[in-house]
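Subject: Structure handover

Hi,

Here is the structure I promised to pass on. Have a look at it first, and my notes on what I found follow below.

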Amino acid sequence: MEERKTEERKTPFLQLVLDDFMLLLFLGVTIYAVSYLIWGLIELAWLSPIPAEIKQELLGGR
Amino acid sequence: MFRTCDITGLKVDLRAERLIQLNAVMAVVSLLIGVIAALLLVLTRWQVVHLLPVDWYYRVLTLHGLNALIFWIVFFEIAGLYFGSTVVLNSRMSSPKFGWLALILMVLGFLLVNFTILSGNADVLMTSYAPLQAHPIYYLGIILFAVGALIGVFLFFANLLIARKERTYGDSLPLFTFGLVAAAIIATLTLATGAIIYIPTLLWSLGIIKSMDAGVYKLVWWGLGHSSQQINVTAMIAVWYLGAFLTVGGASINEKVSRFAFVFYVIGINVASAHHLLVDPGPSPAWKVFNTSYIMYIAVLASMIHAFAVPSAIESAQRRRGFTKGLFDWLKNAPWGNPAFSAVFLSIIIFGFIGGVTGVVNGMEQTNIIVHNTLSIPGHFKGTVVGGTTLAFMGATYYLIPLIFRKKIAFFGLAKIQPWVFGLGIAVLAVSMYILGAFGVPRRHYDITFSGGPFTYTFNPATDFFWVLFAVGGIAAVVGALMWILIVVFSVFFGEPVRGPQDMQLQVASPPPPAKEHGGFEAPGTLTLTLLFMGVFLIFLLLNWGWLAAMWEVR
Amino acid sequence: MALLPPEEGWYFKRVAKDEKMWITLALVVCLILFFWMIVWHIYGKQNPSFTTYRTTPEEFNALTMAFIEKYKTGEMNGIPVVEPPPNSDVFLVGKMWRWEPVLVLRKGQEYRFHISSLDLLHGFSLQPVNMNFMVYPGYDYVLTFKPTSTGEFAIVCNEFCGIGHHMMIGKIIVKE
């Protein structure tokens, strides 16, 4: 039975990452969720209405 | 429960094999619908014929999108996921019962969606942008399909966990399966997003939710919509490596490089759904630039890495067989008579030179201004998902037929030219669409003479020529696809059985002799091709930015 | 081997010279692409806007009607023709299936367009310049345009908006 870390060389951290598909699943889902979905939705939620000056100019205080 | 393949030596779980076959059959049925729809659409957009009436044009366009872009590909990918997580790993299917549940849900969804479209209850196009609204059953069908597919994806991971626990493959997965892992990760977030958007939309169509914000809908939808295409890219590349291996015994010249490239996909590729919103109100330029760049082009870098790694796998194996003369002896002597090889190689060229070159430019925030919603957009994605993914999947099927269906390929002479007919047809179609779009021709549009409108506009007369090319390319591609469907259906249902290795029409290549130590380049031919690609890419990039600069100013 | 596990010690295999060259080149190009978009926002003259406001079809329609009333100079095929002053707020509305109003602008002058929809998504596609933007109900997309050419321009709708989609075509006239 092979050991993860042999006597000759320790398995590099990055190789362990490459071999750990559950970790990759977590990274893939999380990075996308935060950067695309959550950040995007926050930006939509924070939009402001048309400034009063523009409305005033055209509608004259209605 | 298992049989041992007498051709590859792999252990095949018979329960997985049955599910692979059924998903593959559904894939072909979906493609047939998609292809017939494609023919009708080509003959409508080419207004010399203008075949369909206006309502059927949008209906058939919706039908085409769902069947060609979603059903065909996802059914095929589920089959591939089962194959990659059981057969390739000499391991077993974790739960055939759930596999059957997944299949039933997907077939049910497929039926409900197609029925609602054909009955005129979902004239909303594949994107179904709110406030456009379809019948609730349409959304229900998509949800069922997505849930079924998600179960299939979870089964894939469960199979891997079992194989890892039972140590059927050592420490590191084979590269093909590793590529599928990347695809399955993307599929997970794709389908989860699908649930997040389609469940509220279903409730809205039932009147339970009062309104659906257009901006929120489009943002979230493309988290499903484009990510699903990234699954296709990743799966395609996994199939490229598989093809290189089966046809010439090629292996990635550096597994670490190939694997990191797949990981870059996992990290960076999904955020690029933002490129569908570059000229939309709402999200800020910061969000747009950061996300559309695949996080500083990490995923584009990954694609470019694979662009070298895959052909070099072929070249390296060929060179070791003795084809060392000059730059391209290895390519000239590749097994072009093997339709799987020609399909995979054409897929690489078309995906790279047409899909890839146009894709990066389309996806840059500012140049998107001159392409968005023009015919250039479908022109681009014919190059990626049709000339790339679909063609690669067609190639893989030429091995699927003898190895999983255990049948000989019928009409083998036809099979040898099929990838060329389809590939060249799609290439001509894609390029002509892109050029028409550059002249401003809109996509998803019934009549570019604007009859009935208050004004009119005439596109540059040069477009007449490109419309003819469009029709020629489109019809050729349809013919190529129908050829493939004919071959596949005939082989599977009426073909001669494969009784052993002697009946294999395509070779499963044995590994080439080991590499000799040398100080030179590993794959000079591939390097030449990739440098040529980079040259074409940079020229196209500069042209487009130049055209952009000539436009009106806007900020 | 794509179907076989990788060879022993695969992680430590040296990357081939040519593969390394290619990856380096690709990496440099990729980084340049990213920074290029940012640089263009500073020095380039064509950029999607930073400004979007929330609105409603009722509010936007009222503003557009008021805008039309203020600057109307005539009618064309039943659609009001409007000539707004440079550097002003220009309102353009998309609805099934027309664009209102027809705009008369001057070359080399800036106009702050407010574009929105009263019903579904529409696509603002200015031909033959081929500039394309999306139009949403509930969102006021503020795009500051400066026409750099004169003549008659068509606003084609290039986002599917129902059966009359192909009849949706507007007009912008640019004078010297």
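**What turned up**

Let's start where chains B and C pair up: strand S3 of chain B (residues 553–554) and S10(C) run antiparallel, with 2 bridges between them. In that pairing, B:Val554 sits opposite C:Phe145 of S10(C). Before you go further, keep in mind that this is a predicted model.

**Chain C against chain B**

**Chain A against chain C**

Here the contact involves 10 residues from chain A and 12 residues from chain C. On the chain A side, strand S1 (48–49) and helix H3 (52–59) are the elements giving two or more residues. H3(A) has the largest share, 4 residues. The chain A side is made up of 7 nonpolar residues, 2 polar and 1 charged.

There is strand pairing here too: S1(A) is joined by 2 bridges to strand S1 of chain C (residues 51–54), and the two run parallel. Look for A:Ser48, which stands opposite C:Tyr53 in S1(C).

**A helix in chain B**

One more thing to find is helix H7 of chain B (residues 255–268). Its 14 residues reach 20 Å from the first C-alpha to the last, close to the 20 Å expected at 1.5 Å a residue. Why call H7(B) largely enclosed by the rest of the structure? Because 12 of its 14 residues are buried. Among the buried ones are B:Glu255, B:Arg259, B:Phe262, B:Phe264 and B:Tyr265.

The cover over the buried residues of H7(B) includes parts of other chains: helices H1 (13–19) and H2 (21–45) of chain A, and H1 of chain C. From chain B, the cover includes helices H5 (175–205), H6 (214–248) and H9 (294–320).

Over to you!

Methods: Residues are numbered from 1 along each chain as its sequence is written. Chains are lettered from A and ligands numbered from 1 in the order in which they are written. This is a predicted model: local features need pLDDT of at least 70, side-chain atom pairs count only at pLDDT 80 or more; totals for chains, interfaces and linings use all residues. Two residues are in contact if their C-beta atoms, placed from the backbone, lie within 7 Å. Ala, Val, Leu, Ile, Met, Phe, Trp, Tyr, Cys and Pro count as nonpolar, Asp, Glu, Lys and Arg as charged, and the others, Gly among them, as polar. Two strands pair if DSSP finds at least two bridges between them. The expected span of a helix is 1.5 Å times one less than its number of residues. A residue is buried if 20 or more other C-beta atoms lie within 10 Å of its own, exposed if 12 or fewer, and partly exposed in between; C-beta atoms are placed from the backbone.
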